[in-house]
Amino acid sequence: MKPTKKRNNRKPEKAQVCLRVNGEPVEVAFAPHKTLLEVLREDLALTGTKHGCELGECGCCAVLVDGRPVLSCLVLAVTLEGHEVVTVEGMAEGAKLHPLQEAFAELGAAQCGYCTPGFLLTAKVLLEETPQPSRERIKKALAGNICRCTGYIKIFQAVELAAARMAGKPAEPSKESIYGWR
Amino acid sequence: MGGANGAEQKDLRVIGKPHRKVDAASKVTGQTKYADDLVFPRMLYTKILRSTVPHGRILKLDASKAESYPGVKLVLLGKDLPIPYGALPVSEDEHPLAIGKVRMMGDPVAAVAAVDEDVATEALDLIDVEYELLPAISSIQAALDTPEPRIHEYGEFGNIHRRQVYEFGDVEAGFAEADFIREDITFYEGSTHLALEQHASVAQFGHDGKLTLWTCTQDPHYLHRSLAKVLGLPQNRVRVIATTNGGGFGGKCDPFAHEIIVSKLAMMTGRPVKICLTREEIFYCHRGRHPVLMSTKTGFKKDGAITAMHHRTILDGGAYGGHGVASTFYTGVLQPTTYQIKRYKFEAVRVFTNKAPCGPKRGHGTPQPRFAQEIQMDKIAEQLGLDPAEMRRKHLVPPNSLTVNWLRIGTMGLGKCIDKVVEGSNWRERFRKLPYGKGIGLACSGYMTGAGTPIYWNGMPHSGVQLKLDRSGGVTVFCGSTDIGQGSDSILAYIVAEVLGIDPFDIRVVTADTDLTPVDLGSYSSRVTLMTGNAAIQAAERAKQMLIQAVSAKLGVPADRLLFADRRVSDRENPEKGMTFVEAVWLAETQFGTLGTVGSYKPAAAPGKFKGAGVGPSPAYSYSAAVAEVEVNPETGIVVVPRVWIAHDIGQCINPVLAIGQIEGSVYMGLGEALMEEMTYRGNRKMVHKFPSFLEYKSPTTMEMCDVISYLIEDRDSNGPFGAKEAGQGPQLPVPPAIANAIYDAVGVRIDEVPITPDKVLKAIRAKAKGQEGRYGPTVFPHCDMPASIFVPTPEEGGDGKAVERQPVLA
Ligand code: FES
Ligand code: FES
């Protein structure tokens, strides 16, 4: 980035945007070059949304805009006037965790937990569109999210477990997923 | 010491059960605070100006324009921080900001603290810096060939950082006993941790003269020492709080320049100062896998018994020492932990190059030699016409024995591991029997459960735990350990809950804060479960004794009949008779006053007594065996790994679901290193990293990840808490060689280096089609003058673990 010559005279013009975040109306003012990621984390104190690259390459920062997963590091927040944003902080219903959150907790699918918010939100949309996805479908849906800890397997299993439970089945994780093979 | 005390396996209530992690709820709801999530009033932001040349003298450095740029509070230069530091006391060769000279692209040169990140970034452009270019060294060969200019003024000579030669027994005599001898040259490319979290730190300096640093470090204790040293503060004025690490894998073990820089800036400005590195900067901080060139000469009998091994390694260390001296040892010291090797010679050289410094990454220094050894075992079996699984099985290191290089092995479950994966993969029906293009391969490994010696010499515990019991029935565990995702906070809760008969979620865990928690050396060398676990057992047993005294007197039940379970303390023989855990705590507090205990753990002294014997010894060794299945497209050279079977000897799992998670994560990382991950630089363009980004640095996504069939082998080790051994690193090690061996089974070519990219496979397939050797890999091992070996007679020869004057070599 090149230095702005007359910094002293620069009037920091802020953009003013009204949107809904996690179901609540929010009015926020910020420097217009800011990404949604930055506005969420810095101006709205929603630090649950993470960043691993800030270049649209790792999937960490995924949030939902109007129900679709987007990489918040690639979205300019000024474009979101009137839109609906959901972050990981908005997944639980009150004190009740979303079935995906339960399943991730149960299977240890969040090791360091840093990639988790991005996976949870991406998987949420997957299950809304495809309530009983195959393993292949899950892999494709989550292909843009990198996880360096889990090898993805516990994440796949957690998505499958949540899907079964959301379909009303009293599903439990398979023995192998917890104890290994015998 | 805790040891494998506690209940029999069948009586365990918490240990071995799939409890949630204590931090699971906060991690799935976005509540966990990582370093970059912290914000303080009046906080300043820092950006670092980094070298744009790989090697050069700084001719001019003028920051005056930047200093007067609006919004800039301070510009920090090398002269402000003259004291050197480094991860190991033997190689303190770093400065937070360059002094006089830069040694790599990305070396920190100046740092700006400003009111926001934009201003700080803009100000970097105003710093005037000129370099006189020095010749840059890009590879192992170049480092050996170019003694001048030296990258550092210390080390062996020229650009050789370190040389080590050990000989355990007369290796030539061992070769003389062999039926066959073969020498294989292999190369293991460097790779990086690529933890998802970008390194971040925030420092605050109070008017009371105390510094606090929140940072994503794996080793707050070592960082604490380095910070105090470089900043010239007494250690008791420095507090390091390791925030939850968003992945570590060894990449957050070194004390980092940016951590010291924000601390100094906070001291000078009196304001909180934050930094968050960009992904590109992290590629230059690195400290990951060393590229290692290896030559493994092995003498063996017709049945595969190894009479002698001469193993040589050369490590491309990059621009700084870091943990490199330890890494150098690790490229050889654990080789003898799997199969019996009668005599062993190990030579290692670490060179400096003008690239990002290497250091500890999952498996620290051992995936490289394990790859060399395990693909050679496959070749030996082939040469002898033996089944590689059976051949390995026959020559295992026995349990409760000393290896040729004086490592004490406790339980040894590798045989069972091999049996499991052989059976699970249907090995006997498939090995050498699959159609062209499909193959399976086997490899094994051993790893340590915690380094036996700390990185600075001292006789104190490696891990300490403090326990507080309060009237609510709540128990708080304080420990310096750092959760990097492996679940170490949870392990503390499970263990204390097991001993005290309460629920893990009754317990609060306070960790990784040098002000509040007793020292634990850090999350490295797979040491945390064993060491903190033993310390926690001791602290909890001591607390339990106090409760027992109070309850036993009150109820008139003999102490040894009291059972702690289900939040109750009761008479084993008359369970009705008892009280709640809370009541027991009240009684004990009434009798003894405020309740608190401590526990600590220190590994036993190493059996080897020679210089350097401190690296390699461990309280316990874990073992793994893996079978990989591959599909190789002979037209494109593309290798797909559909499935890996892996068995891991864990001693006793504290929590199976977390253990399986560690194994799957290890297989993942091994798969990445085997097929795609590489740190490579443009030699012709000032040695910039070829692809310092998530997108271009290839790592496995959900689409490349293989299925993993995991088996836990439980053979309790008396040194582990409840018998537990590690699971976080060992299972990665057999994966790359298993894949290489499977590729040979599939298409008959040997790829003797990683990553095994399609171009290498194709070259080998084409060479083979032309009647040449179907192999891709290094062919020469360069010469380096070596000192005389440290000669140590083997335990079998009746040695006492000390080095001796060299015996005359056999005629
Ligand atoms: S931070 Fe947005 S994709 Fe990586
Ligand atoms: S859990 Fe650590 S990156 Fe996914």
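How many disulfides does a search of the whole structure find over all chains? The search finds zero, a disulfide being a pair of cysteine sulfur atoms within 2.5 Å.

This is a predicted model, in which local features need pLDDT of at least 70 and side-chain atom pairs count only at pLDDT 80 or more, while totals for chains, interfaces and linings use all residues. Residues are numbered from 1 along each chain as its sequence is written, chains are lettered from A and ligands numbered from 1 in the order in which they are written, and side-chain values use heavy atoms, with hydrogens and water left out.

**View 1. Two cysteines, A:C149 and B:C253.** A:C149 is buried because its relative accessibility is 4%; buried means under 20% relative accessible area, with a 1.4 Å probe and protein chains only. B:C253 is buried too, at a relative accessible area of 4%. Its sulfur lies 11 Å from the closest cysteine sulfur, in B:C216, which is too far for a bond.

**View 2. Helix 1 of chain A.** Helix 1 covers residues 36-43; helices (H or I, at least four residues) and strands (E, at least two) are DSSP runs, numbered from the N terminus. Its buried residues are A:L36, A:L37, A:V39, A:L40 and A:R41. These pack against strand 1 (15-21), strand 2 (24-30), strand 3 (62-65) and strand 5 (84-86) of chain A, where contact means heavy atoms within 4.5 Å. Just after the helix, A:A45 takes a positive phi of about 60 degrees.

Terms used:
Buried means under 20% relative accessible area, exposed over 50%, partly exposed in between (1.4 Å probe, protein chains only).
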